[in-house]
Amino acid sequence: MGKLKLKRPQNLSESFHNLISKETWKKVQHKAVMMFGMDYRSMALFRVTMALCVIGDVIERATDLRVMYTDYGVMPRHLITTRYSSNYFLPIHLVNTSVHFQAFLFTLHIIIAFAMLIGYRTKLTSTLTWLMTISLQAYVGVIGHGGDVFFRMMLFLNIFIPTSKYFSWDSATFYQELPSKRLNNNVNNNVINNVINSNNGNNNNNNNNSNINNNNSNNNSIGSTNMPIINLSEPDSPLQQQQLLQQQLQHDQQLILQQSSQLKQQQQQQQQDIINNSDEIGIEIGSERSIEQKVIQPKRDPDSYRFLSFGTCAIILQIGLMYCTSYFHKSGAEWHNGEATFYALTLDYFATDIAKLFLYFRPALKVLTLAVAKWELYGILFLISPIYSDWFRLFGALGFIAMHAGFIMCLRLGLFFFVTAGAELINIPTTVWELFFNWTDMKILKGQQPTRVYYNTSSPISQRIALILKTYFIIPGHAIFSPLEKMLNYEDSMSTSSPYLLSSSSSSSSNDTSGSDTDDAERSHRRRTTNLSSPTITSTMFSTSTTINNNSSKKDLVGDDWLVTIDSNGIRKRNIHALNYIISKSPLLFPLAKAFTYVPANMCMLFTKICQKVHSRSQQSLIMSGGKRTLYQKKKNPIAPTPRLYSILNNIWMLFICYFLFAYNMNVFDYNFGFQSSWHQFAYVFRLDQSWNMFSPSPPKTHWWHVIHGELDDGTKVELFKNEGMFKFEINTEVNFEKPDPFYKSYGNHRWFKYYENGYNQANSDGMRLEHGRYLCREFNKRHTGSEQLYKFSVFFVHEFQNIDGTVSPKNHFSLWDHICYDKKQI
């Protein structure tokens, strides 16, 4: 055996040169992108998730719109401005606290968040969504929690990363890139060589003659597959055209003689293989680029989906700071001896029914406690692993999602789970996306060619439908979108090279001007079968009759159709049937396509007429617009890249934010990295202030609840809190100090629980208790009259202590507030 010889550098200068060489620098860059970068598609998914969380949060808050956010409820404006507002940030919601204005702001908030979701003017709508969210959080800040802090930080950082690169209206374009589908392993290399050679035949007569011979040999070599070869070149002379036609006729006759018994089935397979092979080597309908360029076009490099900036670093840093600082805040003995989870699961409001079952498995709870604590400390390292970066990042993201799934399964944490788990979707690596798209190729395409989708450039509604499908619902490479005019050009080009496609396409185009769409597939199949079985083909197919048929088809397609699809078998569908077919190819919308099969025929006809009417009206409005630019004209070109100056400024700003976030969190633990006390004002203005001390230094061991004992006008004693008394305002004469059962329903949602925990129970909260009492009197007496009216009540705070052995101490109580609703008239 030979010895492995290593080339040693001759001197230090050569060693230093190798160290700073371009190849070394590229490797360092690639490793940095792998560790700290993110996938464009993951960032787009992150944008969608955050927008959905915003919409969900606003809808949840809207259930208490009148009670929590207007002067009529428990938090009027004067109480907020005098006691619970920040001097550094003025919420927009304080401008007007009427019910109608707050409803308007909530609706506007949802609309802006939806615009962010679809990626419409993404930077602007992302900024406005963040502003509206921090305004809403600051408006009634007393009902906030740690999930809100992380939520607003993610929305802030979302502004400074390119989340609109994919799945957004900003990146929507009619520009059709080459299909990204890999070459099928079953494709014969002779087919590819034949197409290349046939294209080269346009250069001179000698090359063309040799190509004809090559075609003959190739046809013989693939004769077992019964696959005819289509020459897409256009001969330079009538002689060459006649030679090509004669060669094609000979091949046709051989096919008919060899497979007369199973002609119909074999012919369908032939056309499918022809189209599949042409697409798999990158041939695109209506494209002006040469065939050679498309044949050698490789699949897009997965690394081109990766993006690195200080914005992506800031997101990873913020996630790491939340978990790591939370770990160091958990300094209580319960987190070290494994009893913290037990105490957390005994909290009456937070504990779910599943949590009560876990209380019987104390050893397992200890293991979970230690695992959660250590994962919070070390889990972030998996997101920035220098080796197997994609797989370790996936493991880290799934680990955090699983941890929060366990939290939400056992504890009622409101929005916290959806924000934290949704934020981890930004860490989905490129490898996972590639595996997913490959899997969808097998499940949806099944080795067939992409569906051809043709939209009408004279119809605004057709353009919108096609662009929405292409941008949001169809995986790239599963369908090729083109204007209807290109479909006609494609049929024209096919007519000069194959009599099959000419006879099929021209007849179907000219004869389908009338009739329902439901017969399109049958007619297309019948015509194709009839034409393929005809052994006699004349040269008149290339003459004037072709032009007439194409002209009539152009009038039919461009004028009447608003959507046309051609599947891998060459079957054409039109309008509503084409829409239903392309929806069936969407991984998100395919259930709708299945549901449409159960719609009655008369409903389908009605919907078809409505769509056709809208299509006609949109065409008329376009004509009457007086030359107004159409959506196709605005979106037909590739999206322009981001200006370099913006990227530079954005990275400088995000670099400062990275430093600020790190210094701010370290300052909490008295580690000063240059953080000044005056910087707190900057943090309050941009709402970058944060503290991650959930269940720290240890989970609460005191269980508490409220009871409200009231007295009616006739002296009847009533309970006003338990059994959802604060929401139903019914008369409940069962007066005691026992826990509400069920507990969480009496407190409503987690916002109400925070209202009592962060506000009502705290010292110096008489102003809040007064407004709470006034609200309770108004609402109860509005529903009851006469002797059933509420005269006075007292609010009691009841508490007990949870012992380590599972027992609780005897409960105690004290009065928080006494309230008189009105003065009784003296008799």
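Reader: How many residues of S7 are buried?

Author: The model is predicted, so local features need pLDDT of at least 70, side-chain atom pairs count only at pLDDT 80 or more, and totals for chains, interfaces and linings use all residues. Residues are numbered from 1 along each chain as its sequence is written, and side-chain values use heavy atoms, without hydrogens and water. Buried means under 20% relative accessible area, exposed over 50%, and partly exposed in between (1.4 Å probe, protein chains only). S7 is mostly covered, and the buried residues number ten of its eleven.

Reader: What is the strand order of the sheet?

Author: Strands (E, at least two residues) and helices (H or I, at least four) are DSSP runs, numbered from the N terminus. Two strands pair if DSSP finds at least two bridges between them. The sheet is open, has four strands and pairs in the antiparallel sense, in the order S8-S7-S9-S10.

Reader: Which residue in S8 is the bridge partner of Gly710?

Author: Strand S7 covers residues 702-712 and runs antiparallel to S8, with three bridges joining them. For Gly710, the partner in S8 is Val718.

Reader: How many bridges pair S7 and S9?

Author: These two strands also run antiparallel.

Reader: Which residue in the hairpin of S7 and S8 takes a positive phi?

Author: This hairpin has four residues between the strands. The phi in question is near 90°, and the residue is Gly715.
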